[in-house]
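Open the model in your viewer and keep the selection tool at hand. The stops below cover charged side-chain pairs and then the ligand.

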Amino acid sequence: MTTHVIDTATASGMFTDHGAHVLQWRPRGTEPVVWLSDLAVFADAVAIRGGVPICFPWFGAGRSGGMTPAHGFARISEWRLNSMDDDGSAATAVFTLSSTDVTSPLFPYRYRATMTARFGADLHLALDVHNDDDVPFTYEAALHTYLHVGDATAVQVEGLTGDTFHDKVTDKETVQSGPIVIDREIDRVYRSTRDVHVVDPTLDRTLTVRKGGSASTVVWNPWIDKARAMTDFGDDEWRSMVCIETANVGVDAVELAPGRSHTMWARIEVE
Ligand code: BG6
């Protein structure tokens with residue numbers, strides 16, 4: 001596993017070819033924004049706990065359930081680092097993964113995925129998927145962004161009021177009213193194209209996740225019991241993170257005709 005360190009005028013950061021995974025991002029003069037578990041495991045074919053895992057070509061156990069590995073094969077595969085540029089104010093890494101590198105009987109198509117990560121005063125992430133096959137295919141994807149917060153129980157997640165969500169904890173469909181407060185396990189798939197704001201009074205800042213080409217937003221915090229059950233997640237670490245995942249999952253999976261591409265992007269800003 002090759003790891004790369006970013007050190008520009010505007011930010012520091014780190015990423016690895018394993019999963020084209022952003023591990024750290026910290027704009028100058030701020031607390032870290034991207035969260036990484038102290039217990040994250042860095043090994044072949046293992047998903048890294050924290051940072052920005054790329055879920056592709058399915059999310060969780062997939063639309064029909066039972067698909068493995070969880071969240072697809074992209075996050076546990078070695079991507080090719082195609083370019084790495086630093087223009088003085090930001091550093092940009094571009095990775096590719098294609099069906100000549102990794103494939104699965106559960107996704108037996110010719111595809112080409114390109115991941116771009118631009119580390120500057122903002123963090124810009126884009127996942128482009130191209131259908132290289134002769135037949136259409138459908139895929140799910142998520143930029144499974146772990147955000148660092150001062151105290152999860154004090155944050156408010158704004159921007160989703162009025163949007164419907166599937167609550168994976170209760171298995172119910174609901175409409176969001178008001179900001180999300182993290183006072184229990186939160187595992188929700190929203191149908192939403194809107195930007196999300198994580199208002200963090202403890203660190204006295206607001207993290208904004210802007211996005212495009214994305215019709216789903218997943219919000220996740222494992223809370224106490226799930227945190228204890230995960231071997232790569234500290235018992236108390238649930239307090240310092242929340243995942244805001246820019247996604248196209250479930251009914252919002254992307255259908256791609258032969259020769260066509262789709263780009264999903266997220267930009268994280270700190271105010
Ligand atoms: C979230 C899912 O996106 O990822 C949760 O909605 C899941 O259900 C979480 O628990 C973490 O998944 P994993 O595979 O990285 O443990």
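A salt bridge here is a side-chain nitrogen of Lys or Arg within 4 Å of a carboxyl oxygen of Asp or Glu. The model is predicted, and a search of the whole structure finds 15 such bridges.

Select R118 and D87: their side chains meet in a salt bridge, with 3.8 Å from N to O. R118 sits in strand β7 (residues 111-119), while D87 is in the loop between β5 (80-86) and β6 (91-98), 31 residues apart. D87 is exposed because its relative accessible area is 55%, over the 50% cut-off. R118, at 34%, counts as partly exposed.

D132 lies 20 residues away, in the loop between β8 (123-131) and β9 (137-139). R112 is partly exposed at 36% relative accessible area, and D132 is partly exposed at 29%.

Next, select R210 and D195, where the closest N and O atoms of the salt bridge are 2.9 Å apart. R210 belongs to strand β17 (residues 205-212), and D195 to the loop between β15 (186-191) and β16 (196-200).

Finally, show the ligand. Which residues are around the ligand? They are R49, F59, H71, R75, H144, K168, D187, V218, W220 and E245; this shell divides into 3 nonpolar, 2 polar and 5 charged residues. Oxygen atoms of the ligand lie 2.5 Å from a side-chain N or O atom of D187, 2.9 Å from one of E245 and 3.1 Å from a polar side-chain atom of H71. The protein covers 80% of the 390 Å² of accessible area that the ligand has on its own.

Note on methods: Residues numbered from 1 in each chain as written. Predicted model: local features only at pLDDT ≥ 70, side-chain atom pairs only at ≥ 80, totals over all residues. Heavy atoms only, no water. Near = heavy atom within 4 Å. Polar contact = N/O pair within 3.5 Å; in protein donor to acceptor, adjacent residues only side chain to side chain. Areas by Shrake-Rupley, 256 points an atom, 1.4 Å probe, with all protein chains shown as cover. Nonpolar A, V, L, I, M, F, W, Y, C, P; charged D, E, K, R; others polar. Helix = DSSP H or I, 4+ residues; strand = E, 2+ residues; numbered from the N terminus. Buried < 20%, exposed > 50% of the residue type's maximum accessible area, 1.4 Å probe, protein only.
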